[in-house]
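Here's a quick briefing for anyone opening this structure for the first time. Have a look around, then read on.

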Amino acid sequence: MKSTLTQTLEIPVSYTPDVLVVGGGFAGIAAALSAARMGKKTMLIEKSYYLGGLGTSGLVTIYLPICDGKGRQVSFGLAEELLRLSVEVELDGERGAEWLTGKPMTEKDPRYEVNFNPALFAISAEKALLAEGVDILYGVSLVSACTENGKITHAIVEGKSGRYAIGAKSYVDASGDADLAERAGAPTARFKHGNVVSAWYYYYDKSGYGLRMLGAVDLLPGMVPPEQLSKRRFSGLEDDDISAYMTLSHDKLFSTVLEKREKDETHIPVSIASIPQLRMTRRIVGECTFTLSDERKEFEDSVGLYPNWRERGPVYELPFRTLYSAQIKNLACAGRCISTDDEMWEISRVIPCCSVMGEAAGIAAALSDDFTALDVKEIQKVLRARGVKLHEKELPPLA
Ligand SMILES: Cc1cc2nc3c(=O)[nH]c(=O)nc-3n(C[C@H](O)[C@H](O)[C@H](O)COP(=O)(O)OP(=O)(O)OC[C@H]3O[C@@H](n4cnc5c(N)ncnc54)[C@H](O)[C@@H]3O)c2cc1C
């Protein structure tokens, strides 16, 4: 740090919703839908101008399985609803076993993942939120937070209208990077290993259009890792680091396109990521830190189930305590930034899990402004009424 500057600002309190959700990726969409369905005045702020986060602006348009790969559906509720929404328009409104209309993850593995269109999903999600009465503010970034007695009183945000405060009763941090948790002084941890560069892009050429997954790809066992674009690792948490990530990613994408064009002059990029394709950055340190060894463990405070996208079989019960820290009692995290160790982070960060967490965080935020005092049975009651299974023993037995 070169020097510091002290500035006193008078900031208007422009909105006072019941629940404020920061970030409009899959976790934030699920959290906002979930809270609004509890009849709460819900606001969602998103720094870009498009919902879906990495799933749309980041071109990660692959909804990984909601089943355990052994024939049992594991994730229900909004995890299933958002999956259906992601392909609804393309299926022309036909409802049913859409998740089975995806493509097999590998030839031998019958688990299905769904490829969705980012533009259609972003707009469908926006319509779904508006239909539930959620107020969406685009182009608005969280910049800091005011706290009192272990609770957030106001989120300080900035957008085209300038800087202002939003005073909600409870908050969901779905920023992917635990921005609100960190600004509010909740304990956070960084991903130790850093991120490798990805440069995924949609292209068009003689064969039609497609998604080119250049650089880091999420590997299933047995898959050959693609060539790395660079040895450098990125935290994704400092502006100069993120900018270096983006310029490197752009440079690799550009040279690949030029190479491709030597063989096929019709090859052109039609869409590039407008947010950095970073997987793990910062997370909250919650009341419980979830680990891979929690496979098949029964948690009394489970608020949903999710599978392991890499491996067939494991099922995880998500403890509510992974979503919050007692230091900031009215803040729940959802998505990429919940409390897990580095190994579990690789499993929990994917889209279906983010939807599971978002739904639970939204209900909690609608029910209480003190998660340490909230009886988890109240959240579970709502989840059950929505058809969500909370314990593995509620699933059909393995064949
Ligand atoms: C290269 C790559 C490949 C992947 N492959 C897959 C895959 O095949 N399938 C799969 O299911 N998952 C995959 N993932 C993981 C998955 O895409 C993400 O982990 C998941 O989409 C994260 O959702 P989220 O809602 O937690 O966060 P994000 O999608 O990161 O959403 C966070 C949102 O918050 C907004 N935001 C951030 N900070 C602020 C702020 N301060 N103020 C206001 N708004 C803010 C962002 O703009 C963004 O819209 C992949 C990820 C990467 C990077």
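**Ligand, pocket and salt bridges**

A polar backbone atom of Ile62 sits 2.8 Å from a nitrogen atom of the ligand, a polar contact (a pair of N or O atoms within 3.5 Å). Bear in mind that this is a predicted model, where local features need pLDDT of at least 70, side-chain atom pairs count only at pLDDT 80 or more, and totals for chains, interfaces and linings use all residues. Residues are numbered from 1 along each chain as its sequence is written, and side-chain values use heavy atoms, with hydrogens and water left out.

**Around the ligand**

- Asp179 puts a polar side-chain atom 2.9 Å from a nitrogen atom of the ligand.
- An oxygen atom of the ligand is 2.9 Å from a backbone N or O atom of Arg336.
- On its own the ligand has 1,000 Å² of accessible area, and the protein covers 98% of that (Shrake-Rupley method, 1.4 Å probe).
- Helix H1 (26-36), strand S8 (141-148) and helix H7 (351-367) are the elements that give two or more residues to the shell around the ligand; helices (H or I, at least four residues) and strands (E, at least two) are DSSP runs, numbered from the N terminus.
- H7 gives the most to this shell, with three residues.
- There are 31 residues around the ligand, and Glu46, Leu54, Ile62, Asp218 and Arg349 come nearest (a residue is near if one of its heavy atoms lies within 4 Å).
- The shell splits into 15 nonpolar, nine polar and seven charged residues, where Asp, Glu, Lys and Arg count as charged, Ala, Val, Leu, Ile, Met, Phe, Trp, Tyr, Cys and Pro as nonpolar, and the others, Gly among them, as polar.

**The second largest pocket**

- The volume of the second largest pocket is about 380 Å³; a pocket is an open set of points on a 1 Å grid over the protein atoms alone, where a 1.4 Å probe fits, with protein on both sides within 12 Å along at least five of seven lines, and lining residues have an atom within 4 Å of a point.
- It is lined by 14 residues, with Arg212, Leu214, Glu227, Thr256 and Glu259 the closest to its centre.
- Helix H5 (residues 239-263) gives the most to that lining, with six residues.

**Salt bridges**

- The count comes to 23 salt bridges (a side-chain nitrogen of Lys or Arg within 4 Å of a carboxyl oxygen of Asp or Glu).
- Asp18 and Lys169 form one, with their closest N and O atoms 2.6 Å apart.
- That pair links distant parts of the chain, 151 residues apart.

Note on methods
Polar contact = N/O pair within 3.5 Å; in protein donor to acceptor, adjacent residues only side chain to side chain. Points joined across faces, edges and corners; volume = space filled by probe spheres on them.
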